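The following questions and answers examine how a protein holds its ligands. Please consult the sequence and the structure shown here while reading.

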Amino acid sequence: MSGGLRRLPEILERALDGQPPAGSDIATLLAVTDPHDAAALFAAAGELRRRHFGDAIFLYGFVYFSTYCHNECTFCLYRRGNPESPRYRKSLDEVVAIACGLAASGVHLIDLTMGEDPLYFATNEFDALVELVRAVKEATGLPVMISPGKVSADVLAALRDAGAEWYACYQETHAPEVYARLRVGQDFAARAAARTAAARLGMLVEDGMLLGIGETVGDRALSVAAMRDEPVDQVRVMSFVPQRGTPLEHESPAGSLGELVTIATMRLVMPERLIPATLDVDGINGLEPRIAAGANVVTSIVPPDLGLAGVSQSELDIDAGLRTAAEASSRLTALGLRAATAGEYAGWVAGALERRAVRR
Ligand code: SAM
Ligand code: MD0
Ligand code: SF4
């Protein structure tokens, strides 16, 4: 056992005692690979999740409504010019119908996600997007998250006024030199500033990091600490999944242990924040280990047979009907947990919005 890991029991005990790991202890946790150490880490993370959220898990419906994009992120299937990318753009009526179906299936939030679609970005004209948010909000009555890429504060304010409670925009890595190889040609500080602007406007915000894109454990620790210090309410980690037709196509996929260890570390560092268990990396079989590592939101629930894609797994488990609220709920029950009620999630959002308003 290395010197760092000898400290593990002490770090976990302190975290359970209300002292979140900080400084070099974050990297110590992120470096866990031994199965016994990992099990102890996950148990502590699960206990902290239980204290803050009980046995209730939130469910997010995912609508990737436009896969057109002007950017060239090296990790992404949907980057501009990739002939292998499925391209489609759903109409407002289609999106509303999809969102209503998701709402009826029991999800707690609708995540409206798009590439940086030239339809809006080329003309800097986002009125149609604002109308889309308004229509989905009106038809479902659910909290709405918008994942439009990097947009201006004015656009964010209009999206907020149309009913979007949440803005998701992931930095991927908080190490600028790693970022430069991923989000080629996209300004590092401007992307982070979009999140800050959203928080100042009183929106809830999500940031996220990717694993397996050439980062070190130190870079991962930098991301966890950066997200802790940002005004963000939901913090995500996803393993990079290599995509056909992209510059990183032949990289080897990140093993899943790193993502689980990162979820658990984030739970210890930020016990009260929302942490996704995405179905977009390992499909429905990825739910159980991520929840066991301390996640409390199932994301990337996608209705089957509507021609909708995931992001990192464009097809896995979608048309098989396994990325559904019903399937997620039954997997949660098997873990002794349950899908939250709509009221529980709406209550959490209302409380978070209130805290955000006070901090402004
Ligand atoms: N286009 C918007 C943007 O980039 O902000 C929103 C959607 S984007 C497709 C959502 C996120 O999916 C990215 O920020 C990235 O974290 C994740 N992602 C994309 N491709 C991925 C891949 N191949 N493996 C893992 N995660 C990926
Ligand atoms: C997910 N595939 O929830 C989606 C996506 C965008 N806000 C979320 C990465 O896992
Ligand atoms: Fe476009 Fe988002 Fe993919 Fe980057 S991650 S290429 S911005 S869809």
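Q: In this predicted model, which residue has a polar backbone atom 2.8 Å from a nitrogen atom of ligand 1?
A: A polar contact requires a pair of N or O atoms within 3.5 Å. A nitrogen atom of ligand 1 and a polar backbone atom lie 2.8 Å apart, and the backbone atom belongs to Val 241.

Q: What percentage of the accessible area of ligand 1 does the protein cover?
A: On its own, ligand 1 has 550 Å² of accessible area.

Q: Which residue has a polar side-chain atom 2.7 Å from a nitrogen atom of ligand 2?
A: There are 13 residues around ligand 2, and the closest include Ser 147 and Tyr 170. A polar side-chain atom of Thr 299 lies 3.0 Å from an oxygen atom of the ligand, and one of Ser 300 lies 3.3 Å from a nitrogen atom. The residue with a side-chain atom at 2.7 Å from a nitrogen atom of ligand 2 is Asp 111.

Q: What percentage of the area of ligand 2 does the protein bury?
A: Taken alone, ligand 2 exposes 300 Å². Of that area, the protein buries 95%.

Q: How many charged residues does the shell around ligand 2 have?
A: Ligand 2 sits in the largest cavity. The elements β2, β6 and β8 (297-301) each give two or more residues to the shell around ligand 2. By class, this shell has five nonpolar residues and five polar ones, while the number of charged residues is three.

Q: How many residues of the shell around ligand 3 are nonpolar?
A: Ligand 3 is surrounded by residues that include Tyr 64, Cys 69, Asn 71 and Arg 79. The shell contains two polar and two charged residues, and the number of nonpolar residues is five.

Q: How many residues apart are Phe 58 and Tyr 345, which form an aromatic pair?
A: The whole structure contains nine aromatic pairs. Phe 58 and Tyr 345 form one that is edge-to-face, with 4.8 Å from centre to centre and 65° between the planes. Phe 58 belongs to strand β1 (residues 56-66) and Tyr 345 to helix α15 (residues 342-359), so the pair links distant parts of the chain, and the two residues are 287 residues apart.

Notes: Residues are numbered from 1 along each chain as its sequence is written. Chains are lettered from A and ligands numbered from 1 in the order in which they are written. This is a predicted model: local features need pLDDT of at least 70, side-chain atom pairs count only at pLDDT 80 or more; totals for chains, interfaces and linings use all residues. Side-chain values use heavy atoms; hydrogens and water are left out. A residue is near a molecule or strand if one of its heavy atoms lies within 4 Å of it. Ala, Val, Leu, Ile, Met, Phe, Trp, Tyr, Cys and Pro count as nonpolar, Asp, Glu, Lys and Arg as charged, and the others, Gly among them, as polar. A polar contact is a pair of N or O atoms within 3.5 Å; within protein, one must be able to donate a hydrogen and the other to accept it, and residues adjacent in sequence count only if both atoms are side-chain atoms. Accessible areas come from the Shrake-Rupley method with a 1.4 Å probe; for residues, only the protein chains shown count as cover. Rings of Phe, Tyr and Trp (its six-membered ring) pair if their centres lie within 6.5 Å; planes under 30 degrees apart count as stacked, over 60 as edge-to-face and the rest as tilted. Helices (H or I, at least four residues) and strands (E, at least two) are DSSP runs, numbered from the N terminus. On a 1 Å grid over the protein atoms alone, a cavity is a set of points where a 1.4 Å probe fits but cannot get out, and a pocket is an open set with protein on both sides within 12 Å along at least five of seven lines; lining residues have an atom within 4 Å of a point. A molecule sits in a cavity or pocket if more than half of its atoms lie within 2 Å of its grid points.
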